[in-house]
Amino acid sequence: MGVIGVGYVGLVTAVCIAHLGHRVVCLDVDEAKVAALEAGRVPIYEPGLEDLMAGAAARLSFTTSYDELCRQARILFIAVDTPPSPSGDADLSRVQAVVREVRRHDGERLLVMKSTVPVGTGDRITAELEAAGHPGLGYVSNPEFLREGAAVDDVLHPDRIVIGAYREADGDEVAALFADIETTVVRTTVPTAEMIKYASNAFLATKISFINEIANVCEAVGADVRAVADGMGLDHRIGPHFLQAGIGYGGSCFPKDVQALKQLAGNSGYHFQLLNAVIEVNHLQKRRVVGKLKDRLGALRGRHVALLGLTFKPHTDDMREAASIVLAARLRDEGARVSAYDPMVPPGSRDDLFPGIEIARTALEALDGADAAVLVTEWPELVGLDWAVVRDRMRGRHVIDGRNVLDAARVAAAGLVVTGIGTADQPAGEPVASDDVR
Ligand code: UDX
């Protein structure tokens with residue numbers, strides 16, 4: 001089989017399928033990436049991927065040539081990116097380019113869509129193929145639900161596999177590839193499979209924006225959102241996951257997919273009110289941190305703020321739609337001096353995203369002389385900092401816990417004032433006042 005587009009989803013899918021025992025040819029238009037992969041180098045940071053790739057190396061090959069791909073592979077997974085276009089719709093030009101290339105080659109093949117594409121894309125591609133007189137190409141929708149940082153596990157141990165097909169036999173063929181994976185397989189139509197992907201991501205984003213709004217109300221009424229989330233999550237209809245209040249969601253999927261679903265609904269004549277709010281809440285949530293800093297420090301001009309963590313979440317080097325980008329830019333605009341540390345962002349490596357921000361080699365270097373610190377990304381190394389040492393390095397005492405993950409008692413005992421999201425401030429050196437449902 002073949003995988004077209006060896007980005008995040010494509011590479012993890014290819015390696016996992018090779019691990020399951022299939023021969024996989026991977027195609028990418030980026031020659032440097034293909035050369036690196038041929039040499040056994042993994043271009044992304046994803047726990048477990050390098051080992052799995054080394055173990056399956058004999059069944060994996062990489063190419064930039066569609067001739068070679070089509071000579072060797074019958075089932076072709078499409079995993080190219082579908083970034084937002086200026087109109088807010090998903091940009092399908094890369095998907096269309098792939099279909100055009102494959103169409104130039106004779107023979108029976110099965111296109112399996114892994115990329116997140118708007119509902120109706122399968123219908124459109126199939127109609128175009130029929131109009132172009134290429135009936136030998138089948139089409140299956142097989143959306144991906146992997147999370148960065150847990151991608152290998154998510155592919156090999158998924159909650160479900162969704163397969164939408166026009167012909168039963170095409171769906172069977174894709175299901176057979178995953179036969180060794182024990183999970184529920186949802187067999188459905190192509191548009192329904194496409195919608196399951198969007199609806200899942202939009203619902204998870206809604207859960208996050210919901211708990212973030214609850215957190216903001218908690219601050220106003222003196223409740224603690226962490227205990228509220230625990231209490232809510234025990235109801236099996238709600239569940240405990242994705243109720244972690246913080247500075248908002250980022251990454252390559254949620255922002256793009258929520259926007260695309262809203263747009264898709266709009267294009268079909270339906271105004272998806274709820275998603276407008278989900279997007280706006282997420283946007284404002286990042287800015288609330290700036291408000292919290294101003295409450296504590298007054299005007300930020302000339303103040304020194306240290307950002308701890310820059311990636312959109314821990315265990316990834318992905319910076320796409322990371323809250324840190326907006327936060328750093330806002331703080332700079334307010335006239336603050338901003339330093340930052342992230343284990344995945346060496347000094348000088350991302351000046352494009354963080355102009356005017358001092359990226360340090362260590363967390364303590366970033367914290368040196370800071371008036372306040374903001375925990376932006378919950379890397380274990382940052383959560384586990386020695387806070388007494390941090391206090392000695394900082395000039396001020398304020399720590400904003402943007403992810404509600406710090407052990408407030410420990411940090412406060414070190415003499416720092418911890419401000420969470422949707423929680424009461426933890427004054428320095430005082431015992432923790434918290435509701436605990438456990
Ligand atoms: C997500 C989906 O989980 C995955 O199924 C889909 O295929 C791709 O998009 P990913 O982008 O890797 O995966 O990240 P995820 O772990 O879901 O987190 C997304 C964002 O939400 C992160 O910025 C995270 O910090 C934030 N988040 C998550 C919260 O703010 N609170 C939560 O409770 C959970």
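Trainee: In strand 5, which residue is the bridge partner of Ile 75?
Mentor: Strands are DSSP runs of E with at least two residues and helices are runs of H or I with at least four, all numbered from the N terminus. Strand 4 (residues 75-78) and strand 5 run parallel, joined by four bridges; two strands pair if DSSP finds at least two bridges between them. The partner of Ile 75 in strand 5 is Leu 110.

Trainee: What kind of model is this, and where does the residue numbering start?
Mentor: This is a predicted model, in which local features need pLDDT of at least 70, side-chain atom pairs count only at pLDDT 80 or more, and totals for chains, interfaces and linings use all residues. Side-chain values use heavy atoms, without hydrogens and water, and along each chain, as its sequence is written, residues are numbered from 1.

Trainee: How many residues of strand 5 are buried?
Mentor: Buried means under 20% relative accessible area, exposed over 50%, and partly exposed in between, with a 1.4 Å probe and protein chains only. Arg 109, Leu 111 and Met 113 point one way from strand 5, Leu 110 and Val 112 the other way, and all are buried. For strand 5 (residues 109-113), the count is five of five.

Trainee: Which helix do the buried residues of helix 10 pack against?
Mentor: In helix 10 (residues 225-233), the buried residues are Val 225, Ala 227, Ala 229, Met 232 and Gly 233. Contact means heavy atoms within 4.5 Å. Those buried residues pack against helix 9.

Trainee: Which helix gives the most to the shell around the ligand?
Mentor: A residue is near a molecule if one of its heavy atoms lies within 4 Å of it. By that rule 18 residues surround the ligand, the closest being Phe 145, Glu 148, Gln 244, Gly 250 and Lys 313. With three residues, the helix that gives the most is helix 9.

Trainee: At what distance from a polar backbone atom of Gly 250 is an oxygen atom of the ligand?
Mentor: A polar contact is a pair of N or O atoms within 3.5 Å. A backbone N or O atom of Leu 243 is 3.4 Å from a ligand oxygen, and for Phe 312 the distance is 3.2 Å. For Gly 250 it is 2.9 Å.

Trainee: Is Asn 404 buried or exposed?
Mentor: Asn 404 sits in the loop between strand 13 (398-401) and helix 17 (408-413). Although it is not a glycine, Asn 404 has a positive phi of about 50 degrees. Most residues other than glycine have a negative phi. With a relative accessible area of 8%, Asn 404 is buried.

Notes:
Polar contact = N/O pair within 3.5 Å; in protein donor to acceptor, adjacent residues only side chain to side chain.
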